[in-house]
Amino acid sequence: IFISMIGLYSLNNKKGKNEDDVEVLPPLVFNSTSGNHTHTIIFMPGYSNTPENFINQFTKKINFTKKNDTTIIILRSPMNYVTVKKSKDYSWFDIYDFPLDNFSDINLDDLKKSAKVLEKVVNNEVNLLNGNYEKIIVGGHSQGAAISLYQAYTSQKKYGGVFAFSGFLSPGEISEDKRNMKVYFGYGDQDDVILPSFINKTLERVMNFEGFDLHIYKNHKHSVNENQTTDVGIFLDNLIK
């Protein structure tokens, strides 16, 4: 069962906006169906994608044993001007050049602001899970994967895990307790949007973390394929008990 939850995640201060206020657009929500909500997955689509683009992945392709006990929230990015395209599109942050091979190709301030959107939803959901942040798993594709990785690694809270399709990790301080956080990182060796030289900047930082699990997919580009969704299902089975 899935429904668009209009307004539920609009967490702006009713007394007046300030710089910390974050508007969360209506996400797509797959409610847990067992009556025993134990975990929440929060997923962020990438550039030019909406939650509706990922219905098939979450209803048919990403399968794990405790799926009925899990609420899945797919966030919706705003329509923003994207410099490289010279037009507006669904985008979490501005992009100055394609393909990405350096942090100067993106607007890092935008990325960090979008991470606050994810943080707002995490903090809202954790109230339904007895305050246990390790019951929250975040993930995303491309831009969404980059934000999920950044938020999970730099947050003061330790999340249950992260799954990242074709993403990267932006600069930010990583605390020692995040070294064993469970992270699935999937990347296609023919990716022509986020180049291997850029991915290496991420791997140099986290490849030796004991919780980091790298998956390289041969002859694969930038989309999410069935090998990836199968592997993420296995990853989630190991996290959600």
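## Salt bridges

K61 counts as partly exposed, at 29% relative accessibility (buried is under 20% relative accessible area, exposed over 50%, partly exposed in between, with a 1.4 Å probe and protein chains only). The side chain of K61 forms a salt bridge with that of E226, at 3.8 Å from N to O (a side-chain nitrogen of Lys or Arg within 4 Å of a carboxyl oxygen of Asp or Glu). E226 belongs to helix α5 (residues 226-239) and K61 to helix α1, so the bridge ties together parts 165 residues apart in sequence (helices are DSSP runs of H or I with at least four residues, strands runs of E with at least two, numbered from the N terminus).

The whole structure holds four salt bridges. In one of them, E52 pairs with R76, the closest N and O atoms lying 3.0 Å apart. E176 and R179 also meet in a salt bridge, at 3.7 Å; E176 is exposed at 62%, while R179 is partly exposed at 29%.

## Basis of the model

This is a predicted model, in which local features need pLDDT of at least 70 and side-chain atom pairs pLDDT 80 or more, while totals for chains, interfaces and linings use all residues. Residues are numbered from 1 along each chain as its sequence is written, and side-chain values use heavy atoms, leaving out hydrogens and water.

## Surroundings of D69

D69 sits in the loop between α1 (55-61) and β4 (70-74). With 11% relative accessibility, D69 counts as buried. Beyond its neighbours within four places in sequence, D69 contacts S32, S34, N36, H37, T38 and H39 (contact means heavy atoms within 4.5 Å).
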